[in-house]
Amino acid sequence: MTSMAAVRCVCVLLFIIATSKAATSPHIVFIAADDLGWNDVGWHNPQMITPNLDKLAKAGVILNSSYVAPLCTPSRSSFMTGMYAYHTGLQHMVIQPESPAYLPANFTTLPQKLKDQGYSTHMIGKWHLGFCNWNYTPTFRGFDSFLGYYNGAEDYYTKKIRGGLLADGVDFRDDKQPKYTEEYSATVYARRAVDIIKSHDQSKPLFLYLPFQSVHNPIQVPKRYENMYPNIEDTQRRKYCGMVSAMDEAVGNITQALEENGLMDNLLLVFTADNGGPTFAAANNLPLRGAKSTLWEGGTKGAAFVYSKTLLQKSGYENTEMIHASDWFPTFVRLAGGQADSTIDGVDQWVTLSEGKTTQRTEFIYNIDEVSENGAIRVGDMKLIEGSPGMFNGWYPLPRVTKEEADFPPELLDMTDTSSDTYLYRLLKKHFNAVGSTEYRLFNISADPTEHFDLAEKYPDIVSQLKTTLDTYKKSLRPAFNPPSTYKANPLFYGGLWSPGWC
Ligand SMILES: *[C@@H]1O[C@H](CO)[C@@H](O)[C@H](O)[C@H]1NC(C)=O
Ligand SMILES: *[C@@H]1O[C@H](CO)[C@@H](O)[C@H](O)[C@H]1NC(C)=O
Ligand SMILES: *[C@@H]1O[C@H](CO)[C@@H](O)[C@H](O)[C@H]1NC(C)=O
Ligand SMILES: *[C@@H]1O[C@H](CO)[C@@H](O)[C@H](O)[C@H]1NC(C)=O
């Protein structure tokens, strides 16, 4: 070996040592917006003022076929477990405040898996995966810290939610401690995220799960955000757009903190809706059909993107590969240097996201809900819907549907109280119980992403093929876990708080 070669060799060795030391697993920031419509983000709709999100989306990879479940609880169960909701028992509706339902304790959650890889794990925002016992709450399920609420919807200022049994309670915690503040939640959450980022021990990778309250009903926003949309006449839509912009500003504050504290250089940021937009509460999904709670694309195709300054080999384009909510679990775990269980439903999408390669996923389940007797599956180009797609079946125009155009009860348009999630639940329940339809609808989503042309009559053989596949999936269904509401949950027994301790 010449002396030059020896020097080179030592240098290479030193380089390897230095880089392997510096190469800690990437920080992961996973943002889920609540009830955000497909058409409620700036990169789909120029009416929306979301400069921070737009910038990240355009510099990253915009996801055009990233699917979530039709409702909050099922999607969140997939995020946390890498499983389809029908494997967690949370496929039917959402967890009601007084129902002792929860994400079954035998699932290893995403933050638990990331903790095994040395991550600090923090959650800010909405849980909605059960809280009747401490063991089912975020800090007992893998998060080092939690600021947020356990239920599905609440007042953005008072943090109160009314249950179906008409009890009113505050639902807001800092870890286990009740927290009282009347500050708008998007601002509270952004500040906490910034604090976590600032005080983060940089020798460890960070996992920040940020399921915003925004932009779920009730429709509430400080005036200054509403005022950003003077041209929108419809009051609810104007406020709703303001809520989206408040969330955008929160994301801007958080990304600024990530930059300033040096975390952005080794970080993956994922932004996704948790389900489609509730067109009955001012959201919009055009050009997609349907709304939150339905199996239509408008209920299940999430506005989403991934962003990274350093980890994406290909960026600045729209990716149309098939991705499902359960895929984030194995993707993050693998990026963290771990390995997800081979039995999970999720598919590692890293090469698809980072290099634009063809996804390993060729099919997915939109949902299987044996109580509502409906479900949907996608295989390749084709989508089969079994039973009722849900109660919102149209293409709802901007700014929001008028009473005349609605094909659903007009009372829904007047939802003003904070318990409307429960209200919606009752309505949907009534509807679904009345359905029991065995109809089949078939769409070619590649050719017809807006579901205008039902091909079921034209291709009976494809219907029967997809039905057989769907039936195979159904065999492993975990029965829906929707225990009845109980007075034991009453906040009156817990000093006016929604609190664990009743199951
Ligand atoms: C959890 O327990 C249920 C019921 O015993 C079982 O069917 C399921 O496979 C278990 N899941 C996991 C991830 O262990
Ligand atoms: C973002 O930060 C600015 C400056 O600190 C602050 O005034 C604003 O309220 C923050 N916005 C949100 C939504 O947190
Ligand atoms: C579905 O649409 C795609 C894209 O237009 C096309 O290639 C494919 O042949 C279609 N499939 C059927 C069954 O019509
Ligand atoms: C993205 O999705 C929308 C709605 O399905 C569609 O209209 C649009 O053409 C898609 N973009 C690409 C690049 O496929």
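Student: Which residues surround ligand 1?
Tutor: In this predicted model, ligand 1 has Asn 106, Phe 107 and Arg 478 around it.

Student: OK, ligand 2. What is around that one?
Tutor: The residues surrounding ligand 2 are Thr 187, Ala 190, Arg 224, Tyr 225, Ala 246, Glu 249, Ala 250 and Asn 253. They divide into 4 nonpolar, 2 polar and 2 charged.

Student: Which atom of ligand 2 does the Glu 249 side chain approach?
Tutor: A nitrogen atom: a polar atom of the Glu 249 side chain lies 2.6 Å from that nitrogen. Asn 253 also has a polar side-chain atom by the ligand, 2.3 Å from an oxygen atom of ligand 2.

Student: How much of ligand 2 gets buried?
Tutor: The protein buries 55% of the 360 Å² that ligand 2 exposes when taken alone.

Student: Which elements give two or more residues to that shell?
Tutor: Helix H5 (185-198), helix H6 (223-226) and helix H7 (235-260) each do. H7 gives the most, with 4 residues.

Student: Then ligand 3. Which residues are around it?
Tutor: Ligand 3 has Asp 381, Met 382, Asn 444, Ala 447, Tyr 459 and Ile 462 around it. By type, the shell holds 4 nonpolar residues, 1 polar and 1 charged.

Student: What does the Asn 444 side chain do there?
Tutor: One of its polar atoms sits 2.3 Å from an oxygen atom of ligand 3.

Student: What lines the largest cavity?
Tutor: Its lining has 13 residues, and those nearest the centre are Pro 70, Leu 71, Ser 293, Asn 367 and Asp 369. The lining is made up of 6 nonpolar, 6 polar and 1 charged.

Student: Why does the largest cavity count as lying between domain 1 and domain 2?
Tutor: Because both domain 1 (26-361) and domain 2 (369-474) give residues to its lining.

Student: Now the backbone. Is the peptide bond from Ser 214 to Val 215 cis or trans?
Tutor: The bond is cis, with omega near 5°. Val 215 is in the loop between strand S10 (206-211) and H6.

Student: What kind of peptide bond joins Leu 286 and Pro 287?
Tutor: That bond is cis, with omega about 5°. Pro 287 is in the loop between strand S11 (267-273) and helix H8 (297-300).

Student: And Met 93: is its phi positive or negative?
Tutor: Positive, about 60°, although Met 93 is not a glycine. Met 93 is in the loop between helix H3 (72-81) and helix H4 (110-116).

Student: Why mention these cases at all?
Tutor: Because most residues other than glycine have a negative phi, and most peptide bonds are trans.

How values were computed:
Residues numbered from 1 in each chain as written. Chains lettered and ligands numbered in written order. Predicted model: local features only at pLDDT ≥ 70, side-chain atom pairs only at ≥ 80, totals over all residues. Heavy atoms only, no water. Near = heavy atom within 4 Å. Polar contact = N/O pair within 3.5 Å; in protein donor to acceptor, adjacent residues only side chain to side chain. Areas by Shrake-Rupley, 256 points an atom, 1.4 Å probe, with all protein chains shown as cover. Nonpolar A, V, L, I, M, F, W, Y, C, P; charged D, E, K, R; others polar. 1 Å grid on protein atoms, 1.4 Å probe; cavity = no way out; pocket = protein on both sides within 12 Å on 5 of 7 lines; lining within 4 Å. Domains from an automatic or database assignment.
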